[in-house]
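Visitor: I'd like to learn how to read a sheet from its strands. Could you take me through one?

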Amino acid sequence: MTFPDGFLWGTATAGHQVEGGNLNADIWPLEWAEETLFTEPSGDACDHYHRYPEDIATMAELGFNAYRFSLEWSRIEPEEGFFSRAALDHYRRMIGTCLEHGITPVVTYCHFTTPRWFAGEGCWHSDRAVARFARYAERATAHLGDLIPWAATLNEPNLITMLQLTGVIPVGAGERGPITEEQASVEAGVGGYDPAHYEMGLVGAGCERMGEIHRAAVEAIRSGPGDSKVGWTLALVDLQAGPDGETRLEAARQGAQLDWLDVSRDDDFVGVQTYSRNIIGPDGAIPPGEDTATTQTGWEVYPEALGHTVQLAADHAGVPVIVTENGMATDDDEARIAYTRDALRGLGRCIDDGVDVRGYMHWTLLDNFEWMSGYAKTFGLIAFDHETFERTVKPSARWLGGVARANAID
Ligand code: BGC
């Protein structure tokens, strides 16, 4: 099974999960809070902030030709209105290193974390959010846009809605209502925000608000310099109906997927991120049964999800697709290979059926900081020693690099 010429084969990471020392991110103080939901703090993470040259060189040696990573907004704009030239230069060097190695950068402008001051203002719910994010997108693009062929504004803005509509978290969780000026200044005084507002370390708003923020950022990025193709990346679990689950399934599909894919219609591409399926009953997702094979995160091992969700996204959004995340958390690297091979077969079938898929970015490069679960969940193609940061390339990385080089799977 061969893939189209110029197909992008890469890995994906997110700044906060790999860089380390990400002190100005909203999530950092949450990780250290007394009653934290995080099993451990991100700390130095994989020190990718300093070790990216080695990591990018390794990807190129393995055979990859693309790398999806994120700019860390909280480093670039650590205080409202102050844009760090040094941080922007860092990302320019990073993009340059990709290009020197023949690796196409796919750049996410915001992968979950926001600056503390932005969280203190009310995050995505603040009336100022649209202008704030658009200004950041404009300033980052002014510095980097000429080198960015593919840009994603927001990572999984639909995640909170999806978790709510599938019954994984209660409706309202992960959201925070608008806060008053007074609250904002009190919160800013205690370090940027009140962790009590974050029920799960991640926040989001509904489709209308996130869509508005996205559109403003798309416009800012499209203004250049450069000619970036712009989209956003969506969490697309493969939703399927269980017993009596049809009504709930339709509601979840509409609210958590189709509404957001509608927004993508005006974009240059949509990023599809999928790991597994959810069987939906009348009350939401039905947990996998005892006999079902699951990953370290408790998700069903279901590689068919990739083909299904790519087809859904393409059918509904009508724009080219890039798989911006797909993978599994496991300590069984053979299982990772088997899962990925099956997922790629499904993807190949979509392409054979005429779906315009431009690339596949595996989640993830390194065994990184898996948010509230810390470092115990290993999604990486490469392991690292937490004291020396020394990398160990896993067989799955060599296998997938070989697929990338061949632009084909068996
Ligand atoms: C996120 C990643 C995360 C991965 C695995 C996606 O929802 O974009 O940041 O690590 O899933 O949970």
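Visitor: In what order do the strands close into a barrel here?

Guide: Start with the general idea: strands of a sheet pair through backbone hydrogen bonds, either parallel or antiparallel. In this predicted model, 8 strands form a closed barrel, in the order β1-β2-β3-β4-β5-β7-β10-β11, with parallel pairing. From one strand to the next, the twist averages 25°.

Visitor: And which strands does helix α10 touch?

Guide: Helix α10, residues 207-222, packs on the sheet and touches β3 (104-110), β4 (150-155) and β5. The direction of α10 makes about 155° with that of β4.

Visitor: Let's zoom in on β7. How many bridges join β7 to β5, and how many to β10?

Guide: On one side, β7 and β5 (residues 229-235) pair in the parallel sense over 3 bridges. With β10 (residues 321-325), β7 also runs parallel, and 4 bridges join the two.

Visitor: Which way do the residues of β7 point, and are they buried or exposed?

Guide: In a regular strand the side chains alternate between the two faces of the sheet. Across residues 270-273 of β7, Val-270 and Val-272 point one way, while Gly-271 and Gln-273 point the other way. All four of these are buried.

Key: Residues are numbered from 1 along each chain as its sequence is written. This is a predicted model: local features need pLDDT of at least 70, side-chain atom pairs count only at pLDDT 80 or more; totals for chains, interfaces and linings use all residues. Side-chain values use heavy atoms; hydrogens and water are left out. Buried means under 20% relative accessible area, exposed over 50%, partly exposed in between (1.4 Å probe, protein chains only). Two strands pair if DSSP finds at least two bridges between them. Axes are lines fitted to C-alpha atoms, for helices over the stretch in contact, and angles run from 0 to 180 degrees between N-to-C directions. Contact means heavy atoms within 4.5 Å.
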